Amino acid sequence: MCPGEGGGPEAVSPGEGGAAGDGAFSGAAVEAVFREERGLLLASLVRRFGDLDLAEEVTSEAVEAALRHWPAEGVPARPGAWLLTTARRKAVDRLRRDQAYAARLAVLQADAERAEAAAPAPDAYGMGELPDERLQLFFTCAHPALAAEDRTALTLRCLAGLTTPEVARAFLVPTATMAQRIVRAKKKIRVARIPFRVPAPDELPERLPGVLQVLYSLFTEGYAASSGPRLQRLDLAEEAVRLARILHRLLPAEREAAGLLALLLLVHARRGARTGPEGEPVLLEDQDRGLWDRAMIEEGRALVVRALTGGPAGPYGVQAAVAALHDEAADVESTDWAQIVALYDVLLTLTPSPVVAVNRAVAVAMRDGPGTGLALLDALSVEPRLRAYGPYAVARGDLLSRLGRGGEAAVAYREALELAGTEPERAALRRKLGEGREEG
C-alpha cells in the first residue's frame, strides 16, 4: 500500500534539442526522454496496431535508433514525435516482412472495429473520448478475461513503464514469478483476441478497481522507488496524480476515484520534506511541515469528505483519511493515533493485507508504546510475503531500538539493508547500524 507514514508523443523537451557536437547529447538524455515518453508511445502504437508485443518491440527499436542518431544529430526539439515516427515506420516494416503477423493483426483490428461499432456512442453516457491514450489502455488491460493480479501487473509493466522487478516489489513476489504473470497476461490477450478499445459504460464499474490499483501502484513506486539512486521518483508520482485527476473528472460520481486522488494528493504534498539535502530519507517525525504543500493538502481534504460521504467507505477513501490525519497534525505527538488505528481496523476488513497490518502495528506503537507495537509485528513474522518487505524489518528495528534492545535492532536493520533497493535507504540503514555500535 502507499504508506501513510506509519500508516503526448508530441511533447517538447525542455532543452529544445542541441546541435551535433555541442555536448547536449548523453545516454542519460535518451533515458530521460524515454522515461517521459514511453507510456504515451506505447499507448499510441497499441491503439494504432492493436498488438502489445509489437508495440514494445518497435518502441525498443526506436530507442536503439535514437542512441545511434542523436549523438551525431543532437536531441531533436520534439523527441517524443521523433520516437513515435520511427517506431511507426519500424512497425510497418515488420508487418510488410511478416505476412502471417500482419494477417493476425488484421483479425484483431476487425474485431476491435466491430466492437466499437456495437458500443453506444460516447456522448450517450457523457464520457466522451478518454483524453489520454494511456488511460484508455489502462481500462483495456483491466479486461475481466485476465486474472486480477495479471491485469495490474501487465499494465504496470507495459503501460506505466515500471520494470519487472519494480512490479514484483509492488506485489511482494519474486521477479521470476512476476515475469511469468506478465507473459501469461499477454498470451491471454492474444489468444482471446481481446480488443484494445475504450470500454462501454456498463463495463466501467467492473474495470474501475483495476485501473485504480494501477494508478495506486504507479504512485507507490514514485513515492518510494524500489531501486536506483533516489528515494523518490517524482516523475512517476506526478504522472499518477495527473491520471488520477483525469479519472476523477471523467467519473465524478465514483467515490473511490475521489478517494484515490485524495490519497495521492495528501501523500504527495509531503514530497519536499521527505528527503534531505543529500537525498537521504527524512522520517515523518523529523520533517519540516512548513515544506508541505498546503494547497494540495486542502484539495485532498475536500476530496476525502466526498469519498467518505454517501455510503460505506472504500479502501482508498479510508487510506486518504489516514493521510489527512497526518497532514492536519502540528507534529507527531499531537497526531490522532487512536483514530488512525481505528481507520486501519476498518481497512483490514476491506482489504486484509500484511502491509496494512504492519502499518497498523506501527500506529498502535505510537498510541500504546513500542512494546505493544512490537508484539503485533512479531505476530506477523509467519507471513511469508513480509520476508521480502523491507519496511517490516525497519519497523521492527526501530521499535527494538526504542526499547533499548540494540543487538536485536541491529539484526533487524541488517535484514532491512539486504532488502533495500535504493542507495539513500541503504545509507540510512548503515547509519542506524553505526549509531547502534557507538551506543553499544
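S226 lies in the loop between α9 (204-223) and α10. The model in which it is placed is a predicted one. Is S226 buried or exposed? Its relative accessibility is 12%, and buried means under 20% relative accessible area, so S226 counts as buried. Apart from neighbours within four places in sequence, S226 is in contact with E166, R169, E221, G421 and T422.

With a relative accessible area of 1%, L243 is buried. L212 is 31 residues away from L243 along the chain, and the C-alpha atoms of the two are separated by 10.0 Å.

The next helix to look at is α11, which runs over residues 255-268. Its 14 residues reach 20 Å from the first C-alpha to the last, close to the 20 Å expected at 1.5 Å a residue. How many of the residues of α11 are buried? The number is 13 of 14, and the helix is mostly covered.

Helix α6 can be treated in the same way. Of its 11 residues, eight are buried, so α6 is largely enclosed by the rest of the structure. The buried residues are D150, R151, T152, A153, L154, T155, L156 and C158.

One of the elements that α6 meets is α8. Two packed helices are described by the angle between their axes and the distance between those axes. Helix α6 spans residues 148-158 and helix α8 spans residues 175-192. Their axes come within 9 Å and cross at roughly 95 degrees. Angles of 65 to 115 degrees count as roughly perpendicular, and therefore α6 is roughly perpendicular to α8.

Which residues make this contact? On the α6 side they are E149, D150, A153, L154, R157 and C158. On the α8 side they are M178, R181, I182, R184, A185, K186 and I189. Sorted by class, the contact of α6 with α8 has seven nonpolar residues, six charged residues and no polar ones. D150, A153, L154 and C158 are among the residues of α6 that meet α8, and these four are also among the buried residues of α6.

Last comes the chain as a whole. The protein chain has 19 helices and zero strands. Buried residues make up 50% of its 440 residues. The accessible surface of the chain comes to about 19700 Å², and 53% of that belongs to carbon and sulfur atoms.

Notes. Residues numbered from 1 in each chain as written. Predicted model: local features only at pLDDT ≥ 70, side-chain atom pairs only at ≥ 80, totals over all residues. Heavy atoms only, no water. Buried < 20%, exposed > 50% of the residue type's maximum accessible area, 1.4 Å probe, protein only. Axes fitted to C-alpha atoms, helices over the stretch in contact; angles between N-to-C directions. Helix = DSSP H or I, 4+ residues; strand = E, 2+ residues; numbered from the N terminus. Parallel < 35°, antiparallel > 145°, perpendicular 65-115°, else oblique. Contact = heavy atoms within 4.5 Å. Nonpolar A, V, L, I, M, F, W, Y, C, P; charged D, E, K, R; others polar. Areas by Shrake-Rupley, 256 points an atom, 1.4 Å probe, with all protein chains shown as cover. Expected span 1.5 Å × (residues − 1).
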